[in-house]
Amino acid sequence: MPEKQTALTVAQEQLRIASEKLELDHSMHELLAHPKRSLIVSVAIKRDDGKTAVFKGCRVQHWDARGPFKGGIRYHPNVTLDEVTALAMWMTWKCAVVNIPYGGAKGGITCNPKEMSKGELERLTRRFTSLLYDFIGPHRDVPAPDVYTDAQTMAWIMDTYSQITGYSVPECVTGKPISIGGSEGREQATSLGVVVCAREAAKILGLKLKGATVAVQGFGNVGMNAAKIAYDMGCKIVAASDSMGGIHSPSGLNPYGVYEHKAKTGSVAEYKGSKSITNEELLELKCDILIPAALENQITKANADNIKAKIISEGANGPTTPEADRMLHEKDVLLIPDILANSGGVTSSYFEWVQNLTREHWTVEEVNRKLEDKMVQAFNDVCKLAKKEKSDVRTAALIVGVGRVAEAIKTLGIWP
Ligand code: NAD
């Protein structure tokens, strides 16, 4: 297939590979290739200057055979229905791989939140929630944060949903502030999962974690926390980057210091004692573990041959194209795919939902212990299958995820 790919062509190609391996019949493949429901809405808001603006929004609900839909909401100028559809599909497989009782969904609004005031973002979020009201909820579809939405956005969703319902419904959304039912450990959960997967992969390769060199692309929520957790486990962080540039230090960076520098200057660039590198160079650095934690389509057939890392643990969604996957597998790079590596985020969302439904609040130790158990179990399930199938880890993860969803749909049957 052509290498000029979108998130949706990549997701479709991955499903095709898994369906073939699972020998799914044509109708099951067709069912899984398309979302169960896609909602398109026009979100009208009053701007601060009194004028009315209208934004395109959508919520794609892919499949819910294993439980309520679950997935983030993204505010970004590049949001399209196709991109959100791909992300919803990945959520379905991800929840199944880590074996939590959810289906997959994703939502988004095509807007530039950096150019909007807090008041405008609040009105946008509340209006969007009201438009989705009949289709979301604790047992239907539970949103969460994604790119450029955060705990505050989730608080506005919870409040709007609760006001319309008539009573407080904290379990209608996850990723909330702790003061209104958020879970301990949520901020670091995705990153903890990414690093736990890298640690388990290192065991397979006989690679010592202490002193293992790590490069992190994207020093945002996932990348920065992954760098801190890996550093605390004894790894040496040799490079990091963000949208403004990258830094390299063969003797090791202190990610806590890099974080403070970024908080002051807005970027990791020009951190003291480091050399500057481009994002492209960072991906091709000599290192043991590479953590792509920025964007989609970063590792492609153009650079896969130059990748020197032994382990890649995908923090971002969709950073590697299928062609690059094949090339890396041939080079014996152990790549832990997004639907496994970054599933710690949705797993901790699931823990938040369970705590809300049972009106409990767990300690951070309890959350992290449960998270680690789930991640290690999922990692072992997938790696066992990869060994049996002699496949790469992504294909095995897709077989586990797609297989569990197909089995659930078969068991439920198609009504009427
Ligand atoms: P974020 O906005 O906090 O961080 C993204 C980082 O990537 C920023 O530092 C940004 O400067 C950097 N970046 C942007 N363009 C770049 C480029 N061209 N090169 C290098 N860096 C660049 O977002 P996040 O929450 O950390 O999410 C990152 C990725 O992880 C996304 O793909 C997201 O879908 C995925 N993810 C996030 C979570 C979560 O819990 N936050 C869970 C699962 C998956």
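Trainee: Where does Pro416 lie?

Mentor: Pro416 lies in the segment after α14. Please keep in mind throughout that this is a predicted model.

Trainee: What is the peptide bond from Trp415 to Pro416, cis or trans?

Mentor: The bond that runs from Trp415 to Pro416 is cis, and omega there is near 5°.

Trainee: Why is Asp48 called exposed?

Mentor: The relative accessible area of Asp48 is 51%. A residue is called exposed when that value is over 50%, and therefore Asp48 is exposed. Asp48 belongs to the loop between β1 (37-46) and β2 (52-63). From C-alpha to C-alpha, Asp48 and Pro292 are 38 Å apart in space, and 244 residues separate them in sequence.

Trainee: Why does Thr174 count as buried?

Mentor: Buried means under 20% relative accessible area. Thr174 has 0% relative accessibility, so Thr174 counts as buried. Its place is the loop between α5 (151-165) and α6.

Trainee: How do you know that the side chain of Thr174 makes a polar contact with the side chain of Lys70?

Mentor: A polar contact requires a pair of N or O atoms within 3.5 Å, one able to donate a hydrogen and the other to accept it. The contact between the side chains of Thr174 and Lys70 is listed at 2.8 Å, and that distance is within the 3.5 Å limit.

Trainee: What makes Asp288 buried or exposed?

Mentor: Asp288 has a relative accessibility of 11%. The limit for buried is under 20%, so Asp288 counts as buried. Asp288 is found in the loop between α9 (279-283) and β10 (289-292). The side chain of Asp288 also makes a polar contact, at 2.7 Å, with the side chain of Lys310.

Trainee: Lys286 lies in the loop between α9 and β10 as well. Why is Lys286 called exposed?

Mentor: Lys286 has 73% relative accessibility, and because exposed means over 50%, Lys286 counts as exposed.

Trainee: Where does Arg359 lie, and why does Arg359 count as exposed?

Mentor: Arg359 occupies the loop between α12 (344-357) and α13. Its relative accessibility is 56%. The threshold for exposed is over 50%, and therefore Arg359 counts as exposed. Phi of Arg359 is near 55°, a positive value in a residue other than glycine.

Trainee: Let us turn to the ligand. Which residues are the closest to the ligand?

Mentor: The closest are Thr190, Asn221, Val222, Asn279 and Asn317, and 22 residues surround the ligand. By class, the shell consists of six nonpolar, eleven polar and five charged residues. Three elements, α6 (186-205), α7 (221-232) and β7 (236-242), each supply at least two residues of this shell.

Trainee: Which element gives the largest share of the lining of the second largest pocket?

Mentor: That element is α13, with four residues. The second largest pocket holds about 420 Å³ of space. Its lining has 18 residues, and those nearest the centre are His329, Leu334, Ala386, Ser391 and Val393. By class, the lining comprises nine nonpolar, two polar and seven charged residues.

Conventions
Residues are numbered from 1 along each chain as its sequence is written. This is a predicted model: local features need pLDDT of at least 70, side-chain atom pairs count only at pLDDT 80 or more; totals for chains, interfaces and linings use all residues. Side-chain values use heavy atoms; hydrogens and water are left out. A residue is near a molecule or strand if one of its heavy atoms lies within 4 Å of it. Ala, Val, Leu, Ile, Met, Phe, Trp, Tyr, Cys and Pro count as nonpolar, Asp, Glu, Lys and Arg as charged, and the others, Gly among them, as polar. On a 1 Å grid over the protein atoms alone, a cavity is a set of points where a 1.4 Å probe fits but cannot get out, and a pocket is an open set with protein on both sides within 12 Å along at least five of seven lines; lining residues have an atom within 4 Å of a point. Grid points are joined across faces, edges and corners, and a volume is the space filled by probe spheres set on the points. Buried means under 20% relative accessible area, exposed over 50%, partly exposed in between (1.4 Å probe, protein chains only).
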